[in-house]
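User: Could you walk me through a model with me? I'd like to go through it piece by piece.
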2 protein chains.
Amino acid sequence: MKKKVLIIGGVAGGATTAARLRRLDETAEIIILERGEYISYANCGLPYHIGDVIKERGSLLLQTPEAMKARFNIDVRVNNEALSIEKERKVVSVLDKKTGKEYEESYDTLLIATGSSPLKPSIPGIDGPGIYSLWTIPDTDKIKSFISTKKPKKAAIIGGGFIGLEMAENLHAAGCEVTVIEMQNQVMAPIDFEMAQLLHENMRMNQVQLVLNDGVKSFEGVDGTTIIQLQSGKAIEAELVILSIGIKPNSVLAKEAGLALNERGGVVVNEYLKTSEPSIYAVGDVIEVEDYISKNKTMVPLAGPANKQARICANNIAREFGVLGGDLEKYKGTQGTSIAKVFDLTVASTGVNEKTLKKWGKEFNKDYFVALINQKSHAGYYPGATPLTLKMLFSPEGKIFGAQIIGQDGVDKRIDTIAAAIRLGGTIYDLAELELAYAPPYSSAKDPVNMLGFVAENILNGLVSIVGWNGLEELKKSEDKNYTILDVSEDIERMAFFIPDSYHIPLGQLRNRLGELDKEKLIIVYCAIGVRAYNAARMMMNSGFKKVKIFPGGSSFYKSLYH
Amino acid sequence: MKKKVLIIGGVAGGATTAARLRRLDETAEIIILERGEYISYANCGLPYHIGDVIKERGSLLLQTPEAMKARFNIDVRVNNEALSIEKERKVVSVLDKKTGKEYEESYDTLLIATGSSPLKPSIPGIDGPGIYSLWTIPDTDKIKSFISTKKPKKAAIIGGGFIGLEMAENLHAAGCEVTVIEMQNQVMAPIDFEMAQLLHENMRMNQVQLVLNDGVKSFEGVDGTTIIQLQSGKAIEAELVILSIGIKPNSVLAKEAGLALNERGGVVVNEYLKTSEPSIYAVGDVIEVEDYISKNKTMVPLAGPANKQARICANNIAREFGVLGGDLEKYKGTQGTSIAKVFDLTVASTGVNEKTLKKWGKEFNKDYFVALINQKSHAGYYPGATPLTLKMLFSPEGKIFGAQIIGQDGVDKRIDTIAAAIRLGGTIYDLAELELAYAPPYSSAKDPVNMLGFVAENILNGLVSIVGWNGLEELKKSEDKNYTILDVSEDIERMAFFIPDSYHIPLGQLRNRLGELDKEKLIIVYCAIGVRAYNAARMMMNSGFKKVKIFPGGSSFYKSLYH
Ligand SMILES: Cc1cc2nc3c(=O)[nH]c(=O)nc-3n(C[C@H](O)[C@H](O)[C@H](O)COP(=O)(O)OP(=O)(O)OC[C@H]3O[C@@H](n4cnc5c(N)ncnc54)[C@H](O)[C@@H]3O)c2cc1C
Ligand SMILES: Cc1cc2nc3c(=O)[nH]c(=O)nc-3n(C[C@H](O)[C@H](O)[C@H](O)COP(=O)(O)OP(=O)(O)OC[C@H]3O[C@@H](n4cnc5c(N)ncnc54)[C@H](O)[C@@H]3O)c2cc1C
Ligand SMILES: CC(C)(COP(=O)(O)OP(=O)(O)OC[C@H]1O[C@@H](n2cnc3c(N)ncnc32)[C@H](O)[C@@H]1OP(=O)(O)O)[C@@H](O)C(=O)NCCC(=O)NCCS
Ligand SMILES: CC(C)(COP(=O)(O)OP(=O)(O)OC[C@H]1O[C@@H](n2cnc3c(N)ncnc32)[C@H](O)[C@@H]1OP(=O)(O)O)[C@@H](O)C(=O)NCCC(=O)NCCS
């Protein structure tokens, strides 16, 4: 018997499920209800259209209702909003926003792919003119037309998440002076503070004013300008304000229908992506997923997972309809792999960060270890090599918890390699063995990912010990003054920069000058990058020095952290 | 007791083992014998120095004997050639090439890291002037000085392997008209013919003359020009000739010392990288390794494996000396991951190719399957996206045999992801699930590697059937005329190009025009890329068509293959 599938939401999750389902089942009736005017559009491209990097608005519209009809025989109803679900009767009531008419649509299987919406906290003045969120094509149109008519000189972005930072870059490209206001002490929550410092440095270099540790108290519109009063008492003026404070799942429909939700409003689904109601599936930003690493429940609003869930969901619907063989398919969880371009840098992460490990009560250098290294994007002797900073977190057994990478080039590739390794249960020992493609324009004979593996291995078997990024500052603050900071870089490098209060012996002289150092004292070694410091540390440890540690990332990283 | 380690060969394998061993053992005496003038140099950068892409010769020299002494306390003896090994007495006799003196050096542990050398078959005239191999710094100096003094207009490269192609690009950059002469029907042996056609096309676009299926009969020097007589009767003139025909392991020492060699002259080592003699290790180009996929014995002369073997070798020596804990470490084999820049393209591969599977007697669409797809390097709507062609070979159980990728951008990252998946035992089902980093400048929500997984999955569960790249031509040649080639692209695309004798129904009209086609007949569908063809195939298969197949890579690939 011909089945009827109703899909609420026509973008990443909804449209992808519909397309795949049609490929599996030619006869099912498939209806997409989309409250907006557009389906299948590239949400992720919107910031770049504002910066005019993506010039053609039309290129963001990947499918039209007409093409979906012609190609997939899918009945796409834009401007049709689902108002409620009656799960017992298996009907959805729908508002046709063009005609204002309400009607009911029945289903055999329902999919909720309603996504999420930007948060708009109840801050005084938040609905004022010149204050926008960026989430949809109409949002984009509004912001673009504001820019072209009002030509704002100053823009402020509230929230330093990835959309906020993409907007910072694109509004800068559109000619605005940009201020980013962030409540935390760092932008880009998925990475750790010391890594975020590299972003902060680069954003400031690009004339972005960064206001950290501060929240918005109120917005006041004065003569076409918004005055943003901050908790700290500071005030920022901007003609254009972008809110990117956070998002909430569009789960009111699900809630009112009595489906199970988590405390953050996410729709609870089982491993087959079914809600608490057997005839209703849900995918995308609206659902709760399992964290692939910790197996905790979480929410990860990203397009990759939404698309993958959609395909599994379509497969499972087709299986229930008997048109596809095999057992129902499981969605195995999300590891949060993400990436963003932020001015001259690319920042990416996968898995769990150190903040999260700490939240779980895990202790540094006991429950988890950190490899933080600098490497070149490709062979240093081939032109165009740029530095990469890589941070990896791992367990005493070598299990990879997560990784973060920042650099100009080759970031995406290393995060993908590590993400694949995590997915397949690989350990840090496997990273050391990975056979990655090497020619000078692309990598080094030891790829940065191999290096992470080597360093992690050395940490676990006690060949090297690395202080935390703030280890030096903590020592300086502590009572214990019984330590030496040892700089093993060359004279010429030291002339350019050195860490205060450090003692200097270039690596090439160290073996003959070990006598100048106290074997019983804690010695923290550094060089520019970390490799010479490591060689120095090995030399000292093998010569009877008791407590040698290296400062991760070297003086280049220290500079980014503190200057 | 202080141990003495002698290392023959001071570049990738030798120098890396020495450095790691010193980090593990401060007291061992470590001597490197290097017959050339340089150690630790970047072989892989040599072609780019000739093309002046790498301007500074000095940047190719990664370490000097003096620095190795100062940093690592290693006794590096350049211009010292090992002449023979007496394994019973544990001594090596050495020629000091500067003084002409011979001496003996004893060892507790010996490492053979002598690498390989270019083949020079006994072709008449091969020692003539203007004919060079590129393998070492002195080779590079000679070729560079030849170019700057003789200013050759025409250069010929014998052999289309990766060094040959890098040289083609760099001699082109140096202003030469370049001819590449290759005995096989394709350049770049690790990839399959149809993929190599993409390289052929791009090389020809870059004014390289390609002579395939032809070998050199003789070289004749006439007035500063070499006339290259080919087997076919053709003759090519060039002032500069580069030989890159193949290489042989430098294993004479090992052979004369009575160590076990394989039939290609490779030194046989066990999984701990020990030769047949317990006190002698060997690493790098000179050894036989296990193919990671097939577990057959093979030889893979690449820098990545050499460096990794070196580190394992140093660990094992240190373990035997009792300075490092744990069991001896195994080298688990090489999967041949490699990459090269060839003019505008990057070509990369990992694992086994189709030619090899055929050689093993495996049958297409029975013992192995092929997914060959076109994808964009990143989201199509973000500027700068370029096409990628990806080919993957896999077993009926979903095991990945290997993959090949060609494109302008993002090739390295996808091959590394697949290489990591192969290494960790991932299947095509895992590729479909990999959670890779997505933002528009870097990828698509479904990364090309995910797409390979999807397509492979569809092939294995019968949702799609794909003809071989030469399937159309074979059909045309066969008796059976009972088939239709169906073009589902748009009118405007068809006006630009179509496969001869194809029937045209744009995808958007197909559902209503299925009646024009015969359900019993073999139908081979194509579009520009493959995605619409796939959607058409599903529609037809779900509507009772019995034999629908798609042509991989679409008309864009067809053009590269045949035009
Ligand atoms: C500016 C921006 C940039 C982004 N960049 C990236 C990126 O670089 N990488 C990345 O991985 N992710 C990115 N994302 C996130 C990504 O777009 C989402 O994770 C993904 O689109 C989620 O898919 P979904 O199907 O759950 O929701 P959506 O794609 O948002 O689709 C949900 C649809 O449901 C409709 N809807 C909601 N309620 C109803 C109703 N009651 N009736 C009818 N229709 C309804 C909505 O109108 C909406 O069109 C970005 C998002 C934005 C907004
Ligand atoms: C032009 C070129 C480009 C390359 N590009 C790449 C690339 O892009 N990617 C890649 O992965 N690989 C590349 N390779 C291959 C890579 O360089 C080798 O695989 C790697 O160097 C092998 O390391 P090895 O230690 O075994 O040998 P080598 O690095 O060659 O070192 C062997 C050394 O042993 C010395 N030696 C030999 N016999 C004796 C003796 N009897 N006494 C004393 N010394 C001796 C030799 O002089 C030589 O210096 C390239 C090679 C060349 C030549
Ligand atoms: C446009 C849209 C409806 C397309 O859905 P789709 O048809 O499933 O996806 P694609 O066009 O990417 O094609 C993928 C399919 O083609 C197949 N395919 C790709 N290349 C192929 C080839 N060369 N040969 C055979 N099949 C191929 C894949 O296997 C896959 O099919 P499957 O899912 O049945 O296995 C949907 O992706 C969408 O709405 N996207 C925009 C919204 C969005 O994702 N936004 C967030 C990111 S900006
Ligand atoms: C130059 C050469 C002697 C250096 O050897 P090396 O010291 O082992 O290698 P690197 O300088 O790359 O350093 C790697 C070491 O630093 C460690 N390391 C890297 N970054 C680190 C950091 N930030 N903190 C701590 N340790 C770090 C790695 O763990 C590794 O040590 P390990 O092997 O003991 O685990 C050797 O690589 C060589 O001769 N190379 C040139 C020849 C060649 O490879 N040619 C072919 C390719 S062109």
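Predicted model: local features only at pLDDT ≥ 70, side-chain atom pairs only at ≥ 80, totals over all residues.

User: Where do A:Tyr48 and B:Tyr382 lie?
Analyst: A:Tyr48 is in helix α2 of chain A (residues 46-50), while B:Tyr382 is in the loop of chain B between β23 (369-376) and β24 (387-394), and the pair therefore joins two chains. Both A:Tyr48 and B:Tyr382 are buried.

User: Back to B:Phe364 and B:Tyr368, how far apart are the ring centres?
Analyst: The centres of the B:Phe364 and B:Tyr368 rings are 5.9 Å apart, and because their planes stand at 45° the pair is tilted.

User: What does B:Glu354 touch?
Analyst: Leaving aside residues up to four places away in sequence, B:Glu354 touches B:Phe364 and B:Tyr368, and also B:Asp192, B:Glu194, B:Val370, B:Lys391, B:Leu393 and B:Gln404. B:Glu354 is found in helix α9 of chain B (residues 354-359), and it is buried, with a relative accessible area of 9%.

User: Which residue stands opposite B:Val370?
Analyst: B:Val370 stands opposite B:Leu393, which is in β24(B). The strands β23(B) and β24(B) pair in the antiparallel sense over 8 bridges, and β23(B) is mostly covered, with 7 of its 8 residues buried.

User: Switching to chain A, where does A:Asn353 lie?
Analyst: A:Asn353 lies in the loop of chain A between β22 (345-351) and α9 (354-359), and at 7% relative accessibility it counts as buried. Not counting residues up to four places away in sequence, A:Asn353 touches A:Ala189, A:Pro190, A:Ile191, A:Asp192, A:Leu393 and A:Gln404. A:Asn353 and A:Met392 are 39 residues apart in sequence, whereas C-alpha to C-alpha they are 8.5 Å apart in space.

User: Which charged residue sits over the ring of A:Tyr292?
Analyst: The charged end of A:Lys295 sits over the A:Tyr292 ring, 4.4 Å from its centre, and A:Arg423 also lies over the face of A:Tyr292, at 4.0 Å from the ring centre.

User: Which residues form an aromatic cluster in chain A?
Analyst: A:Phe497, A:Phe551, A:Tyr558 and A:Tyr562 form one aromatic cluster.

User: And disulfides, how many over all chains?
Analyst: The count comes to 0 disulfides over all chains. A:Cys44, for instance, is in no disulfide, and the nearest cysteine sulfur, that of A:Cys313, is 19 Å away. A:Cys44 is partly exposed at 24% relative accessibility, whereas A:Cys176 is buried at 4%.

User: Last topic: what rotation superposes chain A on chain B?
Analyst: A rotation of 180°, with 0.0 Å of shift along its axis, superposes chain A on chain B with an RMSD of 0.0 Å. The two copies are thus related as by a two-fold rotation axis.

User: Through what do the copies meet?
Analyst: They meet through the same surface, because 100% of the interface residues of chain A are also interface residues in chain B.

Definitions and conventions
Residues numbered from 1 in each chain as written. Chains lettered and ligands numbered in written order. Heavy atoms only, no water. Helix = DSSP H or I, 4+ residues; strand = E, 2+ residues; numbered from the N terminus. Buried < 20%, exposed > 50% of the residue type's maximum accessible area, 1.4 Å probe, protein only. Phe/Tyr/Trp six-rings, centres within 6.5 Å; stacked < 30°, edge-to-face > 60°. Lys NZ or Arg CZ within 6 Å of the ring centre and 35° of its normal. Disulfide = S-S within 2.5 Å. Least-squares fit on C-alpha atoms with pLDDT ≥ 70 in both. Contact = heavy atoms within 4.5 Å. Pairing = 2+ DSSP bridges.
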